[in-house]
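Student: I would like to work through this model step by step, beginning with the overall fold and then turning to individual residues.

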Amino acid sequence: MQLVDSHCHLDRLDLSQRPGGVDEVLAAARARQVKRFLCVGVDLESFAQVRHLAEQHEDVYASVGVHPLHPAQLDEQLLRQYADHHKVVALGEMGLDYYYAKTADEQAAQRQLFAAQLRVAAELAKPVIVHTRDARADTLALLAEAQLPAAGVLHCFTESWEMAEAALALGFYISFSGIISFRNADALRAVVEKVPLDRLLIETDAPYLTPAPHRGRPNEPQYVYEVAEWVAKLQCCSIEQVAMQTSANFNRLFQLD
């Protein structure tokens with residue numbers, strides 16, 4: 001069995017209890033059958049580090065992008081420079097988050113940043129990793145307008161089935177995190193049941209959103225195993241089937257062997 005953590009932030013892990021550093025974290029995940037990792041960038045300052053981590057580890061890949069809650073003047077030249085690398089398989093994390101951006105000006109700035117990154121992704125024909133929260137209509141409108149040749153994934157999905165269905169129609173994948181194990185996530189678990197397994201990804205979003213039964217501990221890529229167990233339960237299939245299909249989905253989306 002081989003699992004993939006399709007979204008983690010290795011550069012943001014608290015390694016104070018890991019004397020072996022990132023190597024120890026990755027070894028713990030590999031021991032639980034996690035064979036590939038996507039280390040996701042969230043701001044301009046992280047580009048170099050996430051790409052370096054991918055260069056240092058054969059089974060680690062990277063993405064570069066600017067998160068909507070890390071507002072910055074986008075340096076498109078720098079984005080293209082770091083994206084032009086064989087281990088950088090996507091652009092992102094990018095998107096819209098209106099949960100925190102309440103004013104019209106803040107939301108407009110997020111849309112401008114998102115649209116600019118989508119244009120670069122379209123030029124480079126690389127998939128995108130999308131963060132979306134409380135911004136369903138604008139997220140879908142911008143994705144449809146971008147006409148991306150390589151589509152992408154709505155990561156750490158917490159929205160409705162209607163939004164998932166619309167994203168699937170645009171060619172996107174839907175990724176679920178440890179949130180599906182939370183006690184108050186019944187509505188989200190109902191969405192997991194409906195997403196076709198051949199369009200579904202699993203992730204940890206480590207160091208955030210630790211799944212049950214590990215709540216209270218820092219999240220790590222090894223806990224994607226628990227996410228896979230929940231997906232298997234909700235899709236009424238085996239964890240082996242989830243591992244095989246989500247790994248195949250990851251490789252197909254990010255154009256890996």
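Student: How many helices and strands are there in the chain?

Tutor: The model is a predicted one. Its secondary structure comprises both types of element, and the count is nine helices and eight strands.

Student: What is the radius of gyration of the chain, and what does the globule rule give for 257 residues?

Tutor: The C-alpha atoms fill a box of roughly 45 × 40 × 35 Å along the principal axes. The globule rule gives 18 Å for 257 residues, and the chain comes close to this, so it is as compact as a globular protein of that length. The radius of gyration of the chain is 17 Å.

Student: Is valine 60 buried or exposed?

Tutor: Valine 60 belongs to strand E3, which covers residues 60-64. Leaving aside residues up to four places away in sequence, valine 60 touches Leu10, Leu26, Phe37, Cys39, Leu53, Ala54 and Lys87. Buried means under 20% relative accessible area. Because its relative accessible area is 0%, valine 60 is buried.

Student: Which residues make the nonpolar surface patch of about 300 Å²?

Tutor: One member, Tyr99, is found in the loop between strand E4 (88-97) and helix H4 (104-124). Patch residues need over 30% relative accessible area, and tyrosine 99, at 36%, is partly exposed. The patch is made by Leu69, Tyr99 and Tyr100.

Terms used:
Residues are numbered from 1 along each chain as its sequence is written. This is a predicted model: local features need pLDDT of at least 70, side-chain atom pairs count only at pLDDT 80 or more; totals for chains, interfaces and linings use all residues. Side-chain values use heavy atoms; hydrogens and water are left out. Patches are made of residues with over 30% relative accessible area and no salt bridge: like charges are joined within 9 Å, nonpolar side chains (Val, Leu, Ile, Met, Phe, Trp, Tyr) within 5 Å. Accessible areas come from the Shrake-Rupley method with a 1.4 Å probe; for residues, only the protein chains shown count as cover. A salt bridge is a side-chain nitrogen of Lys or Arg within 4 Å of a carboxyl oxygen of Asp or Glu. Helices (H or I, at least four residues) and strands (E, at least two) are DSSP runs, numbered from the N terminus. Buried means under 20% relative accessible area, exposed over 50%, partly exposed in between (1.4 Å probe, protein chains only). Contact means heavy atoms within 4.5 Å. The radius of gyration is taken over C-alpha atoms; the globule rule is 2.2 Å times the number of residues to the power 0.38.
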